[in-house]
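Hi,

Here is the structure I said I would pass on.

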Amino acid sequence: MSEKYQSLVKVPTGINGLDDVLDGGLPLGRTSLVNGGPGCGKSIFSMEFLYRNALQDKPGIFISFEEKADHIRRNFHTLGWDLAELEQAGKLFIMNVALPPEVVIGGNFDLNSLLAIIAGKTKAMNAQLVVLDGLDVLLDIFNGEDRKRHEIHVVHQWLQAQDLTALLTTKSLKAEAVNSNPYEFLDFMVDCVIYLDQRVNEQVTTRRVRVVKYRGSGFGRNEYPYIIDPDGINVMPISTIALKHRPLGAKISTGLERLDTILDGGYRQGACTLLMGASGTGKTTIANSFAQSACQHGERVLYIQFEESAESVVTNMRSAGIELQAAMDTEQLRFLTALPEAMGSEEHLSRAIKTINDFQPKHIIIDAISAMDRVGSQQQGEDYAKRMVNFCKERGITTFFIRQSDGFLIGKQEEDITGLKFSSMVDNVIVLRYVESGGEVNRLLIVMKARGSAHSNQYREFSITDNGIDIADVYLGDEGVLTGVAQQVQVMKENVMYRRQQQLIRQKNNELAQKRATLQAQVLAMESEIQADEVALDVLESESSLLQNGRDARALMRGQDSDNQVLAQDNKGEK
């Protein structure tokens, strides 16, 4: 990069997903602010920043104005973080600034002594990272807004003079009021401002992080969900600033020979496929046909199930001739099950991502993504789907989403794909439908989308048999695709018509043969008559020739002259 455009030097936070939002981390040698209500994880956020860096041999100091140092150590030990070990190694220092009551009441407190302690400790540890957790508690001891502003300016200028990378935490007045910061002037002073909040929607609690400001750097400007689990904070951006989706790979079998033909060879590796249809149309059976085939080829499949247990799925699939237990026994297939209502969509996503990172599957089936609508709202289900699609596409993992559509019979089913806000990210769309005809209900399948691949655009009837999915040939009638009894009746009608046509053809052939025989007899009779007439003609011509010869002879005997006068007289005399 040229000297004209120089990137801001940053310190990675080490918080999973957050550095993607921050485009690398917090600004080196500058001050950042984290603001949020109770339970948002401000202390965990700031401690994880120090903890992850301490593990990378970057020492840090944690100053708390609320909690005792021993309580802090024990709290984070529940996450498996041994802070005492890092302290002993000189990588971390925890200090609780307990203010005497008389100081709090009188407001007589000098920051210089505190700053001197921090300065001495940073020098002794060669630390460049500092956290001031609960800075608002310190500010509250000062009377008047002017005094508070003055003291915080003193702290900020000192941090800058020491060239420290500092992280301050303050509280919002209410957990749901993200922008209710009583020390709003801090937002204008620091270089990076991060808001954390916790909200309840449809009885489901979710946490969100938003970067409000970042001087000299690009950053993700939206709200991003995050969770706090035994690994710390996990932020889940939809994507990094630059899309890193892998291109689609080679064709892989669907596990169904006829469906492979319809899809011109099968699915593509790394593609996202949406299977839509009403309850009982066979979505899970089609998905498990693929799972069985993939496992038989030595490829790992992760099955995320929101509505059935693993044992139930394995047992039910046996009725369709699909055996999954062997794949589970050999660790080719793994189930991840949980009711949607058991946790928020962020927890579900984090749980899935951790399993993916541990199991390293090549394919993932999510059954059913529509069940995630029960986690607060349809928006949360769609957010889960978008983040999952992005995560899998960046890793080239083939993904299957099963979604249940409303309605039952064709014409009553709501299957508006464009209404799904992640439909543009989906590569294949296969719709399964019911159709009623001839007093029965049958199933139809159609491929509505197959990105980067040719595919059939015709409806196909299919049935679920003891040997799996049986896809029939296309059978069209006057009013469209015929299925079931209607198809059988039409086949019978066509067979009757065929036999009738064959009978008429034979009859016509016989009539033509008779006419040909009659014509042949007439031709023979006519030829006999012609031959007789030809003989009679020959006789007449012979007689005429004899007469002419006789006349010529008599004429010579009478001495006929050249002008035929004698002959003429003779002829007159003869008359």
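Which residues line the largest cavity? Before the answer, the ground rules. This is a predicted model, so local features need pLDDT of at least 70 and side-chain atom pairs count only at pLDDT 80 or more, while totals for chains, interfaces and linings use all residues. Residues are numbered from 1 along each chain as its sequence is written, and side-chain values use heavy atoms, with hydrogens and water left out.

Now the cavity. The lining consists of R208, P225, M236, S345, E346, L349, Q380, D383, Y384 and R387. (A cavity here is a set of points, on a 1 Å grid over the protein atoms alone, where a 1.4 Å probe fits but cannot get out; lining residues have an atom within 4 Å of a point.) The space inside is about 70 Å³, with volume taken as the space filled by probe spheres set on the points, and points joined across faces, edges and corners. Searching the whole structure gives four cavities of 30 Å³ or more.

(Helices are DSSP runs of H or I with at least four residues, strands are runs of E with at least two, both numbered from the N terminus.)

α14 (residues 345–359) and α15 (residues 378–395) meet at an angle of about 20°, with axes 10 Å apart. That makes α14 roughly parallel to α15, a label for angles under 35 degrees. (Axes are lines fitted to C-alpha atoms over the stretch in contact, and angles run from 0 to 180 degrees between N-to-C directions.) Their crossing is right-handed, i.e. the near helix is turned clockwise from the far one by less than a right angle. On the α14 side the contact (heavy atoms within 4.5 Å) includes S345, E346 and L349, and on the α15 side Q380, Y384 and R387.

A second pair is α6 (residues 111–125) and α8 (residues 145–161), again at about 20°, with axes 11 Å apart. L111, L115, I118 and A119 of α6 touch E151, V154, V155 and W158 of α8. By class, that contact has seven nonpolar, no polar and one charged residues.

Most residues other than glycine have a negative phi, and most peptide bonds are trans. D57, in the loop between α2 (42–54) and β4 (60–64), has a positive phi of about 65°. The D367 to A368 peptide bond is cis, with omega near 0°, and A368 lies in the loop between β17 (363–367) and α15.

Cheers

How values were computed
Parallel < 35°, antiparallel > 145°, perpendicular 65-115°, else oblique. 1 Å grid on protein atoms, 1.4 Å probe; cavity = no way out; pocket = protein on both sides within 12 Å on 5 of 7 lines; lining within 4 Å. Nonpolar A, V, L, I, M, F, W, Y, C, P; charged D, E, K, R; others polar.
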